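Visitor: Could you take me through this protein step by step, so that I can follow each idea with the picture beside me?

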Amino acid sequence: LVEKYRGEPWFEGKYTNKPRMRPETMRAGLHWLDNQFVLIRHEDDEMPSVDWILGLARSAVMRHGIRGLVIDPYNELDHKRPTGQTETEYVSQMLTRIKKFAQHYDVHVWFVAHPRQLHNWRGEPPGLYDISGSAHFINKCDNGVVVHRNRDEKAGSLREVTVMVAKVRNKVAGSIGDPKLEYNVSNGRYEDLK
């Protein structure tokens, strides 16, 4: 994150021809990071549940005044569901709990979910219905975004990324579209295509 904030590489390496950021720049970046983010990590052997995350996020709202929560990734959460409950019912109830949390505490929640295994995949971008688990991911979200990296040299630069805004519930929040950006390997930023 400090690379993205400062626009300079954290490490020297073959992935960049730019010099590593200076120690004072690192310290300033880490200070900024410490003031902007609260990290919620589950250190036990068990996977965290959404309820566990929301409980700690409530505390972070009260203690630190957080206004954004990133849950990443969905497939590494504990998804124990009651006997007889379908995955679709489980996902619907889980997303409802997350939306209620967001509305009650005035916190924007970014929920990162990866696509299910796509059979016969040829490199095309997945859609929101390709998220493993349920169509409720698109039905219940306010904004649905797919970030897709080109993996075919014949189709263009391997650094080309399409940010497909597939759903926008409130027109004030943006519009549907799919702009293309270039991933800057040196600093991790997405930039306008050159």
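This is a predicted model: local features need pLDDT of at least 70, side-chain atom pairs count only at pLDDT 80 or more; totals for chains, interfaces and linings use all residues.

Guide: Residues are numbered from 1 along each chain as its sequence is written, and side-chain values use heavy atoms, with hydrogens and water left out.

Visitor: How many aromatic pairs are there by the ring rule?

Guide: Rings of Phe, Tyr and Trp (its six-membered ring) pair if their centres lie within 6.5 Å, and planes under 30 degrees apart count as stacked, over 60 as edge-to-face and the rest as tilted. By this rule the count is seven aromatic pairs.

Visitor: Which class does the pair of Phe101 and Tyr105 belong to?

Guide: Both residues lie in helix α4 (residues 87-105), four residues apart, and are therefore separated by about one helical turn; helices (H or I, at least four residues) and strands (E, at least two) are DSSP runs, numbered from the N terminus. The ring centres of Phe101 and Tyr105 are 5.1 Å apart and their planes stand at 40°, so the pair is tilted.

Visitor: Is Phe101 buried or exposed?

Guide: Buried means under 20% relative accessible area, exposed over 50%, and partly exposed in between (1.4 Å probe, protein chains only). Phe101 has 3% relative accessibility, so Phe101 counts as buried.

Visitor: Which residue joins its side chain to that of Thr162 in a polar contact?

Guide: Thr162 is found in strand β4 (residues 160-168), and with 8% relative accessibility Thr162 counts as buried. A polar contact is a pair of N or O atoms within 3.5 Å; within protein, one must be able to donate a hydrogen and the other to accept it, and residues adjacent in sequence count only if both atoms are side-chain atoms. At 3.2 Å, the side chain that joins Thr162 in this way is that of Lys180.

Visitor: How are the helices α3 and α4 oriented to each other?

Guide: Axes are lines fitted to C-alpha atoms, for helices over the stretch in contact, and angles run from 0 to 180 degrees between N-to-C directions. The axes of helix α3 (residues 50-64) and α4 come within 11 Å and cross at roughly 5°. Angles under 35 degrees count as roughly parallel, over 145 as roughly antiparallel, 65 to 115 as roughly perpendicular and the rest as oblique, so α3 and α4 are roughly parallel.
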